[in-house]
Amino acid sequence: MPVKPGVCRHHKGGLYRVLFLARPSETGEPLAVYGERGFGVRPLSLWLAKAVVEGREVPRFQPLEELPGPGVD
């Protein structure tokens with residue numbers, strides 16, 4: 001998978017720490033689990049989606065650094 005644990009910058013400027021990727025047994029859809037003081041999940045398809053900023057397509061989340069950790073097989 002192209003998403004690894006680490007810090008990403010959202011296209012609007014916020015920083016998000018991806019902790020690990022998960023797959024719920026009900027759907028099998030890969031999810032990015034992120035947070036520091038609280039936790040959130042977002043479908044990996046949305047995490048990897050593009051955003052349009054000033055007329056150009058840019059990554060919704062841009063990796064800044066990677067941390068060791070498990071991923072989704």
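## Basis of the description

The model is predicted, so local features need pLDDT of at least 70 and side-chain atom pairs count only at pLDDT 80 or more, while totals for chains, interfaces and linings use all residues. Residues are numbered from 1 along each chain as its sequence is written, and side-chain values use heavy atoms, with hydrogens and water left out.

## The nonpolar core

The largest nonpolar core has nine residues: Val3, Cys8, Val18, Leu21, Ala32, Tyr34, Leu44, Trp47 and Phe61. Such a core is a set of buried Ala, Val, Leu, Ile, Met, Phe, Trp, Tyr and Cys residues joined through side-chain atoms within 4.5 Å. Buried means under 20% relative accessible area, exposed over 50%, and partly exposed in between, with a 1.4 Å probe and protein chains only. At least two residues of this core come from each of strand S2 (15-22), strand S3 (31-35) and helix H1 (44-47). Helices (H or I, at least four residues) and strands (E, at least two) are DSSP runs, numbered from the N terminus.

Apart from neighbours within four places in sequence, Val3 has contacts (heavy atoms within 4.5 Å) with Val18, Leu21, Leu44, Trp47 and Leu48. In soluble globular proteins, nonpolar side chains tend to be buried together.

## Aromatic pairs

Five aromatic pairs are found in a search of the whole structure. Rings of Phe, Tyr and Trp (its six-membered ring) pair if their centres lie within 6.5 Å; planes under 30 degrees apart count as stacked, over 60 as edge-to-face and the rest as tilted. Tyr16 and Trp47 form an edge-to-face pair, because their ring centres are 6.3 Å apart and their planes stand at 85°. This pair links distant parts of the chain, with Tyr16 in strand S2 and Trp47 in helix H1, 31 residues apart. Tyr16 is partly exposed at 26% relative accessible area, whereas Trp47 is buried at 2%.

Trp47 also pairs with Tyr34 in a tilted arrangement, 5.5 Å centre to centre with 45° between the planes. Tyr34 counts as buried at 15% relative accessibility. One aromatic cluster is formed by Tyr16, Tyr34, Trp47 and Phe61.

## His10

His10 lies in strand S1 (residues 6-10) and counts as buried, at 12% relative accessibility. Beyond its neighbours within four places in sequence, His10 is in contact with Tyr16, Arg60 and Phe61.
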